Amino acid sequence: MTNQQSVYYFLLSLSLILPSISWSQTRTYEIDRSANDIKIDGQLTEAQWQEAEIATDFTENYPRPGIPSKYESKVRMYYDDNALYVGGEMYDPRPDSVSYTLSQRDDWGNADWFGVFLDPYANNINAFGFSVTAAGVELDALMYTDDGDDSWNAVWRSSVKKQDYGWSFEMKIPFSAVRFPNKPIQEWNINFVRQVRRDRSKSYWNEVNPEVFGEITQSGKMVGMKEVKSPIRLSFTPYVTGYVENSYDYTTQQQTWGQRVTGGLDLKYGLNDAFTLDMTLIPDFGQTTSDKQVLNLGPFEVRFDENRPFFLEGTDLFSIGNVFYSRRIGATPFNYNDAQNSVNDSLSEEITGNPSLAPLINATKVSGRTSSGLGIGVFNSIENRAFATISDPSGNSRRVQTHPLSNYNVFVLSQNLKNNGRLSFLNTNVMREGGSRDANVSVGQTNLFSKDGKYSLGAEMKVSSIFEDEVPEIGHALSINLDRVSGVWRYGFGYSEESDTYDPNDLGFLFNNNSRGYYSYARWNDFSPGKFFLRKWASTSIYYEELYKPKLFSYGGLEFDAVGTFKNFLTVGVNGGVDPFGEVNHFESRRFGNEVRFGSSFSLGGFYSSDYSKKFALDVRTSYKQFVGSNQKAVSLVVSPRVRLFDRLFVILRSNWEFITSDYGYVRQLDDNYADDIILGFRDRVISENSLQMEYIFTNRMGIDVRVRHYWQQVEYFNFNELRRGGELIESNYNPVGADGSSEHNTSYNAFTVDINYRWVFIPGSELRLVYKNNIFNSQNTLIPSYFRNFETLFDQPQLNSLSMKLLVFVDAIYFKRNKPKF
C-alpha cells in the first residue's frame, strides 16, 4: 500500500468514526491550456492529461453524506481555443462489478456514470450538465437551483474505455455548446459527480450536503481559463419526414390509405455570448409520443404532457408563474365546432373535412442571461387559418373558417438577487384576427433567500385581461409563502387566491379559478444511515380551501407521508389523510349555486419498491378511500414488475386498477320537459390502465423503444337524483334506457395506443428515426362483462396506423470556416 493510499483509508476510517466531520470548504480547480490535439477514445494517454491538475478525494452524498467516498476518482481538465476537455479515471475495488448496462440517450439506465456541472456565470442559478455512463451513453441537461431539464440537447463528444481498475472516459465539450461571459479571465463554478450503481453510492468533488438547499449552489470553482472567445453559434437542422398512414374516413366510413412528405428546419443562432435564438420553421410533430387519453367525467379539461422537443428545451424562464402551457399552440382550432353549427340539414350537407389541429407556421424563442444576472426571454409563435369543408350530395362544397390567424407571445425578465434570490416579470399575450377573443396575462414574482440559505420567501401577483367584449374582463391571482428549505426539519406555510374573473387559459392552464387557499406543512429528514434504514423522511400538511367570491367552504383536511429506504435498497412508504368536514364542490354541477356535497372521508395507502439495479424489480402501490356514513369508496392497486433480461433488453409492465363504488356526479341539465334542475347520477366505475414499455439497445447511439398502453373505464349508472340549490338531492324519475334496458349514460371507453420508435444517432446531432403509431379510441353505451372481452371488437374500431421515417441532419456553421476546428 502506498503512502497516498494509507492516508486515504485513514481518513475514510476516521470519517466512519466521526460522521459529523464537515468537508464543506469550497474547492478550486486550476485549468491549463493546451494546443495539442487528442483522440477522443476514452484513454487518457496524451501528454496534456498527465500535465493537468487532478481533481480527486470525492465526498459521499448518498448513502452516508459527508464522508470520503470509498471509490477513488481522478478527474482532469484542460482547454484549447474551441473546447473544454474533461477526462476521468473511475477506480473500483471490484472492477468486474461495474455496471455497463446500455440505455437510450439522456437516460442513465442501470449503469455507473460520471457527470460535470458547468456554471460559467457563477450565479448559482443555472448550469449545464454533461454526463456519460460506463457504457458510453451520453446525457446532457440544463440545471437549475432545485430542478433540471434533461430535454435540452447539445452537440458534444465522449468516449469510454473499460480498464483493469474500473473504467475511464474523455469528453470534448465545444464552447459553442455552452454560454459564458465575454471577458478575458473566466472563473466558472464547477462540480463533478459520480454514481456507482450497485450500491447507489453518489459522491461529489465539492461536497453537496443534502441538508442544504440546492445542488448547483454547492459547486466548486474553476480558475485559470484565459482569452477564450465564444465561437459563432449558428447551426441548422433541416429535416424531412415521410408518412404512410391508414386512417378512418368518416365520409366513406372505411379505412383509407394516404401518404405525405413534410420538411422543415430548426435553427439555433447565438446572438452574442449570452443569448441564443431558437426557431422552428414549418414544424412537424407527427412522431411525438401519443397522448394518454382518458374518459373525463369531471368539469375541467384534461391536461396533457408536452412531448414536442422544441417546446421542451430551454423553457425555464418561460415557466415562471406557471401561465405558459405550450400545448395551447397547435391545438384544436379555436372555432372548431363552427363547422357543425354551419351544416344545413335541409340541403343534406355534411362535413367532409375539418382539421383537428391548428396549422403552426413557426415558433421562435430568444433566451439568455447577462453577466449582471438579468435573464431575458422572448417566445413567439404564429398559427395559420384553418378551414372546414362542407359538401352536399350534388358535389357542391364550401369552406368554413374554424381558426383565425393567431399570434402567441411570451416575454420575461428575471433578475438574480443576492443569496440566489430572483425577481421576475412575465407577460403572455394571445392575439387573434377578426375580432376574436384576445388575452393577456402579466406576472410579477419574487423568491428571496436568507443569507444562510435556510429560509425562503416567495410572493407572486398575476393579472389576466380578456378582450372579447367592449369592456375587458380583468382578474387576478396572488400567493405568498414562507419556508425553511434546508436542514433536517423543513416547514412552511402559504396563502393563495384566484379571483372569479381570473382566466389565464388562452395560453396557460388552470383547472378552476374563484378559490382561496391556506396551507402549512412540516417535514423531517434523516439523511444518516441507521440500523435498518439508509435514509428516511416523514411529513404532514394541513390545508383549507374556500371560494374567493362568495366566501364559501370548499374542503379542508390533513395529510401525512412517511418513506424509508432499507439497506438493501428496498423503499417502502405509507400515506393517508382525513377530510373531516367533507367537500362542497362548487363546479361539478356546471352551474354556479348548485353545489355538490360529499361527506367526510379518510384515506390510507402505501407503496413498495425494490432494488432497480437487480435483474428483477417490483413496484406495488395501493390506496383506500372511504366516505363516512355511505357506501362511497375508492380502492386502487398498481403492480409494476421491471425485468432486465440482459444488458440490452429492458421491460417494464404496469397494471393499474381502480374501483370506485357509489360515486356520483353530473349527468345533464334538464330541459323544460322536466324542470330547471341538474341531474346527478350514482354510478360504479372501474378504471384500468395497463402498459408495456420495452427498450432494446443495439449500441450507445441506436435503440428501439416500444410503448403499448391500454386504458379502459367502465361506468355503470344505477340511480339518478335532481340537484337543487343548497346541495339538496331528491329522487328523480329521469332514467333513459337503451334497447338492452340499461341506462343510456352507461359508458365503456377504450384508448389503445402503440408507439414504436427506432432511433439512430449516426453522428452527434444528426439522427434517423423510424416510428410506427397505432391509435384506437372507442366509446360505447353497452357495458362489457369482463376486461378481456374488450379485445373481441377493439381492433375492429376506426383507428390510425402511421409509419414514418424522419431524417434530421445537424449542420454547424463553424465547420464552414477556413480554419475549422476538429470535432
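Guide: The backbone nitrogen of Y666 lies 2.8 Å from a polar atom of the side chain of E588. This is a predicted model, in which local features need pLDDT of at least 70, side-chain atom pairs count only at pLDDT 80 or more, and totals for chains, interfaces and linings use all residues. Residues are numbered from 1 along each chain as its sequence is written, and side-chain values use heavy atoms, with hydrogens and water left out.

Visitor: Why is E588 called buried?

Guide: Buried means under 20% relative accessible area, exposed means over 50%, and partly exposed is in between (1.4 Å probe, protein chains only). E588 has 8% relative accessibility, so E588 counts as buried. Its place is in the loop between strand 34 (583-585) and strand 35 (596-598); strands are DSSP runs of E with at least two residues, helices are runs of H or I with at least four, and both are numbered from the N terminus.

Visitor: What makes the pair D503 and R437 a polar contact?

Guide: A polar contact is a pair of N or O atoms within 3.5 Å; within protein, one must be able to donate a hydrogen and the other to accept it, and residues adjacent in sequence count only if both atoms are side-chain atoms. The side chains of D503 and R437 are joined at 2.7 Å. The D503 side chain also reaches the backbone nitrogen of N505, at 3.1 Å.

Visitor: Why is the pair of D506 and R437 called a salt bridge?

Guide: A salt bridge is a side-chain nitrogen of Lys or Arg within 4 Å of a carboxyl oxygen of Asp or Glu. For D506 and R437 the N to O distance is 2.8 Å. D506 lies in the loop between strand 29 and strand 30, and R437 in the loop between strand 25 (422-432) and strand 26 (438-449), so the pair ties together parts 69 residues apart in sequence. D506 and R437 are both buried.

Visitor: How many salt bridges are found in the whole structure?

Guide: The search finds 35. Among them is the one between R707 and D705, at 2.8 Å, N to O.

Visitor: What makes R707 partly exposed?

Guide: R707 has a relative accessible area of 34%, which is why R707 is called partly exposed. D705, at 10%, is buried.

Visitor: How do you know that E767 and R759 form a salt bridge?

Guide: Their side chains meet at 3.2 Å, N to O. E767 counts as buried at 11% relative accessibility, and R759 is buried at 16%.
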